[in-house]
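We will go from stop to stop, picking residues as we go.

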Amino acid sequence: MNYDALFDYVKNALTAYDWHGGVAKNQIRYSRYDHTVRVYNWAMMLTEDYADVIDMEALKIATIFHDIGYSSDNEDKKEHAGEGAILCRKYLESIAYPSDKTDFICDLIAKHSDKSILFNEDTPMELVLLMEADLFDDTGAHGIIMDAWIQAIKEDVSFESILEHIKKYTWYFMQENPMRTEKAKRIWEEKKELTDKFVESLSIDLYGSYEAPASAENK
């Protein structure tokens, strides 16, 4: 399988969506294609312990195509997973890819947004790894930068408002570890530790002291 060709196909499909930034990221120039590349890199890192027991090709194809649904004409981007499965199937059929593998890959794409099934016993490991990789993006250091960027486009931005935005989104999101595999759990905790330390350090810089938010004290 020529994975470079798949990346090029998805990149071309997402060009229009990436150009206007997408409403989900508050109108910043958030590239859905760049997100795809980052998720792919995370997935490859997580597969190191599972390379012998999963369908690696299926995971790679599903990861590359997992967000192509954002390029569809459907304005409800909450349905991007289902739309992506349709678009992926169309592409795989055009290259005469085996139908049984196509069904499996498209099922991974269609279900990747439903993180509630992450711990289900019948959830295939390929889907577990795809969902974990997807959850890693926009967290930790990357999430902090994105939060600052989102807040910085506002007219009344301040250091204090940026800190509060980070606490409301990246910091809050990282307090619960949603991962299933041991490696993913460890990485999440490392990213959480960095986020906690950053919020504490910036709070001290701005206010001279730090008091952990209530949700952290209750953990």
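Before we set off, does Asp138 count as buried or exposed? Keep in mind that this is a predicted model, and select the residue to begin.

**Stop 1: two loops**

You will find Asp138 in the loop between helix 6 and helix 7. Its relative accessibility is 13%, so Asp138 counts as buried, the cut-off being under 20%. Now look at the backbone: phi of Asp138 is near 65 degrees, a positive value in a residue other than glycine. Most residues other than glycine have a negative phi.

Next, select Ala96, in the loop between helix 4 and helix 5. Ala96 is not a glycine either, and has a positive phi of about 60 degrees. Here the side is exposed: the relative accessible area of Ala96 is 68%.

**Stop 2: helix 3 against helix 6**

Colour residues 56–65, which are helix 3, and residues 125–136, which are helix 6. A pair of packed helices is described by the angle between the axes and the distance between them. For helix 3 and helix 6 the angle is about 35 degrees and the axes are 10 Å apart. Their crossing is right-handed.

Show side chains at the contact. Helix 3 brings Leu59, Ala62 and Thr63, and helix 6 answers with Glu126, Leu129 and Leu130. By class, the contact has four nonpolar residues, one polar and one charged.

**Stop 3: the largest core**

Which residues have the most contacts inside the largest nonpolar core? Select Ile61, Phe65, Cys88, Ile105 and Phe136 to see them; the core has 45 residues. Helices 1 (3–20), 2 (32–46), 3, 4 (80–94), 5 (99–111), 6 and 9 (182–207) each give two or more residues to this core. The largest share, eight residues, comes from helix 6. In soluble globular proteins, nonpolar side chains tend to be buried together.

Centre the view on Ile61. Leaving out residues up to four places away in sequence, Ile61 touches Met1, Tyr3, Leu6, Cys88, Leu92, Tyr97 and Ile105.

Move on to Cys88, in helix 4. Cys88 counts as buried because its relative accessibility is 0%. With residues up to four places away again set aside, Cys88 touches Ile61, Phe65, Ile105, Cys106 and Ile109.

Then step to Thr102, in helix 5. Thr102 counts as buried, at 2% relative accessibility. Apart from neighbours within four places in sequence, Thr102 is in contact with Arg89, Leu92 and Tyr97.

**Stop 4: aromatic rings**

How many aromatic pairs are there? The count comes to eight. A pair of aromatic rings is described by the distance of the centres and the angle of the planes.

Select Tyr9 and Tyr91. Their rings form a tilted pair, 4.5 Å centre to centre with 45 degrees between the planes. Tyr9 belongs to helix 1 and Tyr91 to helix 4, 82 residues apart, and the pair links distant parts of the chain. Tyr9 is partly exposed, with a relative accessible area of 35%, whereas Tyr91 counts as buried at 13%.

Now pick Phe136 and Trp188. The ring centres are 6.2 Å apart and the planes are at 35 degrees, so this pair is tilted. Phe136 lies in helix 6 and Trp188 in helix 9, 52 residues apart, another link between distant parts of the chain. Both count as buried: Phe136 has 1% relative accessibility, and Trp188 has 0%.

**Stop 5: helix 7**

Finish at Ile145, in helix 7 (residues 140–152). Is Ile145 buried or exposed? At 56% relative accessibility, Ile145 counts as exposed, because the cut-off is over 50%. From Ile145, pick Glu164: the two are 19 residues apart in sequence and 13 Å apart in space, C-alpha to C-alpha.

Notes
Residues are numbered from 1 along each chain as its sequence is written. This is a predicted model: local features need pLDDT of at least 70, side-chain atom pairs count only at pLDDT 80 or more; totals for chains, interfaces and linings use all residues. Side-chain values use heavy atoms; hydrogens and water are left out. Axes are lines fitted to C-alpha atoms, for helices over the stretch in contact, and angles run from 0 to 180 degrees between N-to-C directions. Helices (H or I, at least four residues) and strands (E, at least two) are DSSP runs, numbered from the N terminus. A crossing is left-handed if the near helix is turned anticlockwise from the far one by less than a right angle, and right-handed if clockwise. Contact means heavy atoms within 4.5 Å. Ala, Val, Leu, Ile, Met, Phe, Trp, Tyr, Cys and Pro count as nonpolar, Asp, Glu, Lys and Arg as charged, and the others, Gly among them, as polar. A nonpolar core is a set of buried Ala, Val, Leu, Ile, Met, Phe, Trp, Tyr and Cys residues joined through side-chain atoms within 4.5 Å. Buried means under 20% relative accessible area, exposed over 50%, partly exposed in between (1.4 Å probe, protein chains only). Rings of Phe, Tyr and Trp (its six-membered ring) pair if their centres lie within 6.5 Å; planes under 30 degrees apart count as stacked, over 60 as edge-to-face and the rest as tilted.
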